[in-house]
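This report describes a metal site and the strands around it. Please look at the sequence and the model first.

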Amino acid sequence: MDVAGIFENNRKWVDEKLSVDPDYFKTLSEGQNPEFLYIGCSDSRVTAEELMGVKPGQAFVYRNIANMVSNNDLSAQTVVSYAVTHLKVNHIVVCGHYYCTGIKAAMQSADLGILNPWLRSVRDVYRLHKTELNAITNEDERYKRLIELNVLEQCINVIKTADVQKAYKERNIKVHGWVFDVGTGKLIDLKIDFDKILHQTMEIYRIV
Ligand code: CO
């Protein structure tokens, strides 16, 4: 795939969409009303829209290395705030994925420059769940479990935000923790107990 190929693909895609609905892009230009905020990893194999089968306009998407929702990441905090307060999404998804190289890197001892502070947040997740993780003797299984626990912790980080807490008081908003298995293509719902996690989190992190 080269750059010219991408523009060729785009021309074909536009033609295809217009052949089905001549007003397709006109309708898109009128605004968005997505039901989902999807927070996932930047990994090139984990394409948010394609794996969920959603169309343009259905999911507001934020991706970074290892699908983190960091308190000091202005971009992540802004995305959550905008999606919840202005777009009024009722489903916030944190989607991790097996074979995540960001998580793998955080499990190893290596100086990765600017990645160090970013991956330190993943190491914090490991520290929080050290007892459970260290009890897993199989390294692949421990790696998978850290990926799942990182999703759980990022869901908790979403709940820590004032906008999500406010929205929860006003309407039926829910946070979901999912994992995409790159090896099978399957999307796995971790079935986190949102109400329980919310109440546990609010004990300490209640803002509103
Ligand atoms: Co990843």
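Donors are N, O and S atoms within 2.8 Å of the metal (3.2 Å for Na, K and Ca); water is not among the atoms, so sites may look incomplete. In sequence, the donor residues of the cobalt ion follow the spacing C-x55-H-x2-C. Strands (E, at least two residues) are DSSP runs, numbered from the N terminus. The cobalt ion is coordinated by C41 (SG), H97 (NE2) and C100 (SG), at 2.0 to 2.2 Å.

The model is predicted: local features need pLDDT of at least 70, side-chain atom pairs count only at pLDDT 80 or more, and totals for chains, interfaces and linings use all residues. Residues are numbered from 1 along each chain as its sequence is written, and side-chain values use heavy atoms, with hydrogens and water left out.

C41 and H97 are both buried, meaning under 20% relative accessible area (1.4 Å probe, protein chains only). In strand β4 (residues 174-180), six of the seven residues are buried.

Two strands pair if DSSP finds at least two bridges between them.

| Strands | Sense | Bridges |
|---|---|---|
| β3 and β4 | parallel | seven bridges |
| β4 and β5 (residues 187-189) | antiparallel | three bridges |

F180 in β4 stands opposite H97, and the bridge partner of F180 in β5 is L187. Six residues separate β4 and β5, which form a hairpin. In the turn, G185 has a positive phi of about 85°.

Conventions: Buried means under 20% relative accessible area, exposed over 50%, partly exposed in between (1.4 Å probe, protein chains only). Helices (H or I, at least four residues) and strands (E, at least two) are DSSP runs, numbered from the N terminus.
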